[in-house]
Amino acid sequence: MVHCSSHDGRLAKKLTGDIANALANRSSVSSLSFYDRPTKTKCTFKPSRKYDSASVVKTIILGALLYEKGGILSESEATLAHKMITESDNSSATTLWKQLSDLKDPKRPNPVKIKEFLNKAGMRDTVPSDDGYWGLTQVTAGDQSKLLRIFSGVDSSVLDGKARSYALRLMSQVQANQRWGATAGAPLDSLIHVKNGWLQRGQGADVEPFDRGDWKVNSMAAITGGGHNSGLVVLTENNRVPEGRPAGEGWNHGIDSIETISRAIYRDVYPGAKGYHPSRPFAPTDLSSTAR
């Protein structure tokens with residue numbers, strides 16, 4: 001059930017109905033968490049349900065790196081962080097994941113520094129992958145929303161102002177073909193900060209039967225500037241591809257689900273504002289068992 005609260009009771013009621021309508025008749029399993037600071041509005045739908053993170057975990061890696069380094073990165077760390085967020089570069093994410101891990105067993109990096117950050121940030125529902133596959137970290141919409149609040153807020157108890165600004169700056173520089181999802185419908189006069197993630201699980205015997213071939217498509221975005229201060233996280237799975245159809249149909253279905261929700265929310269919170277229409281690259285043909 002969708003739960004919304006707001007300083008404006010009519011807005012809360014409208015959001016509740018419109019989000020429910022956006023979720024209806026979608027085969028995707030979805031969770032969301034939304035906040036808007038100016039109107040003191042919050043909306044959630046299954047915010048504690050766990051999902052494979054794919055590349056939205058890269059925001060956690062970034063937060064943990066900034067926390068561990070006191071916000072001051074070396075030149076090489078800054079290069080890795082930039083590529084990891086703006087290009088969703090997997091090799092950079094793997095390097096930083098290992099840097100933040102205990103490597104006594106190189107095949108099973110223990111991400112101890114990431115766990116320390118999650119604990120400090122109050123993201124207690126998040127379960128980092130313990131086998132080195134960071135894209136299979138279990139995340140929730142509620143916890144990812146907490147991270148957006150940290151990045152876009154004024155509280156320095158987790159990250160100082162310089163670190164928070166740095167994180168948002170990287171998310172505002174994400175390349176054009178990866179700015180879809182929870183940005184759809186955001187006011188054009190706002191500054192958009194985004195990170196998406198997607199993966200298709202393989203068909204191997206090591207994959208649970210209900211997961212085989214399934215697309216996981218996730219998006220998180222904050223909007224700031226011009227009096228705006230909002231954050232939206234939408235996580236999806238069960239974006240299945242009918243037998244004989246192109247693999248990219250599941251990917252597109254997940255994005256469509258996210259953007260339908262996103263546009264419904266921004267229409268209600270910012271009525272009359274011109275909304276952002278993100279571009280979308282061609283759907284991948286096959287990304288089995290990989291995360292981006």
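This briefing describes selected helices, strands and residues of the structure shown above. The model is predicted. Its largest nonpolar core has 79 residues, and helix H8 gives the most to this core, with eight residues. Helix H1 covers residues 9-23, and helix H7 covers residues 161-172. The strands treated here include S2, which is largely enclosed by the rest of the structure because seven of its eight residues are buried, and S6, which is mostly covered.

**Helix H1**

- H1 has 15 residues, and the distance from its first C-alpha to its last is 21 Å, close to the 21 Å expected at 1.5 Å a residue.
- At the start of this helix, a side-chain oxygen of Asp8 comes to within 3.0 Å of the backbone nitrogen of Arg10.
- Six names make up the buried set of H1: Leu11, Ala12, Leu15, Ile19, Ala22 and Leu23.
- Seen down the axis of H1, these buried residues fall within an arc of 95°, so they line one face of the helix.
- An α-helix has 3.6 residues a turn, so residues three or four places apart point the same way.
- The exposed residues Gly9, Arg10, Lys13 and Asn21 sit on the face of H1 turned away from its buried side.
- The cover over the buried residues of H1 includes strands S1 (3-5), S2 (29-36) and S3 (41-45), together with helix H8 (248-269).
- Just after H1, Asn25 takes a positive phi of about 65°.

**Strand S2 and its partners**

- S2 is joined to strand S8 (residues 228-237) by eight bridges, and the two strands run antiparallel.
- Within this pairing, Val29 has Glu237 in S8 as its bridge partner.
- S2 also pairs with S3, in the antiparallel sense, over five bridges.
- Tyr35 stands opposite Lys42, a residue of S3.
- S2 and S3 form a hairpin with four residues between the strands, and in this hairpin Lys40 takes a positive phi near 50°.

**Thr41 in strand S3**

- Thr41 belongs to strand S3.
- Is Thr41 buried or exposed? Thr41 counts as buried because its relative accessibility is 1%, and buried means under 20%.
- The side chains of Thr41 and Thr39 make a polar contact at 2.6 Å.
- Apart from neighbours within four places in sequence, Thr41 is in contact with Ser5, Ser6, Leu11, Leu15, Phe34, Tyr35 and Asp36.
- Among these contacts of Thr41 are Leu11 and Leu15, which are also listed as buried residues of H1.

**Helix H7**

- H7 has twelve residues and reaches 16 Å from its first C-alpha to its last, close to the 16 Å expected at 1.5 Å a residue.
- Its buried residues are Ala163, Arg164, Tyr166, Ala167, Leu168, Leu170 and Met171.
- Helices H2 (57-68), H3 (75-86) and H6 (141-152) are included in what covers the buried residues of H7, as are strands S6 (191-200) and S7 (215-225).

**Strands S6 and S7**

- Nine of the ten residues of S6 are buried.
- Ten bridges pair S6 with S7 in the antiparallel sense.
- Gln200 has Trp215 in S7 as its bridge partner.

**The largest nonpolar core**

- Which residues have the most contacts inside the core? They are Ile19, Ile60, Ile61 and Leu62.
- Ile19 is also one of the buried residues of H1.
- Not counting residues up to four places away in sequence, Ile61 touches Met84, Ala93, Leu96, Trp97, Leu100 and Ile114.

- His82 lies in helix H3 and is partly exposed, with a relative accessible area of 33%.
- Leaving out neighbours within four places in sequence, His82 is in contact with Glu87, Leu170 and Gln173; Leu170 is one of the buried residues of H7.
- His82 and Val174 are 92 residues apart along the chain, and their C-alpha atoms are separated by 9.1 Å.
- Thr94 is found in helix H4 (residues 90-99) and is partly exposed, at 28% relative accessible area.
- Thr94 and Asp36 are 58 residues apart along the chain, with 33 Å between their C-alpha atoms.

Conventions: Residues are numbered from 1 along each chain as its sequence is written. This is a predicted model: local features need pLDDT of at least 70, side-chain atom pairs count only at pLDDT 80 or more; totals for chains, interfaces and linings use all residues. Side-chain values use heavy atoms; hydrogens and water are left out. The expected span of a helix is 1.5 Å times one less than its number of residues. Buried means under 20% relative accessible area, exposed over 50%, partly exposed in between (1.4 Å probe, protein chains only). The arc is that of the directions from the helix axis to the C-beta atoms. Contact means heavy atoms within 4.5 Å. A polar contact is a pair of N or O atoms within 3.5 Å; within protein, one must be able to donate a hydrogen and the other to accept it, and residues adjacent in sequence count only if both atoms are side-chain atoms. Two strands pair if DSSP finds at least two bridges between them. A nonpolar core is a set of buried Ala, Val, Leu, Ile, Met, Phe, Trp, Tyr and Cys residues joined through side-chain atoms within 4.5 Å.
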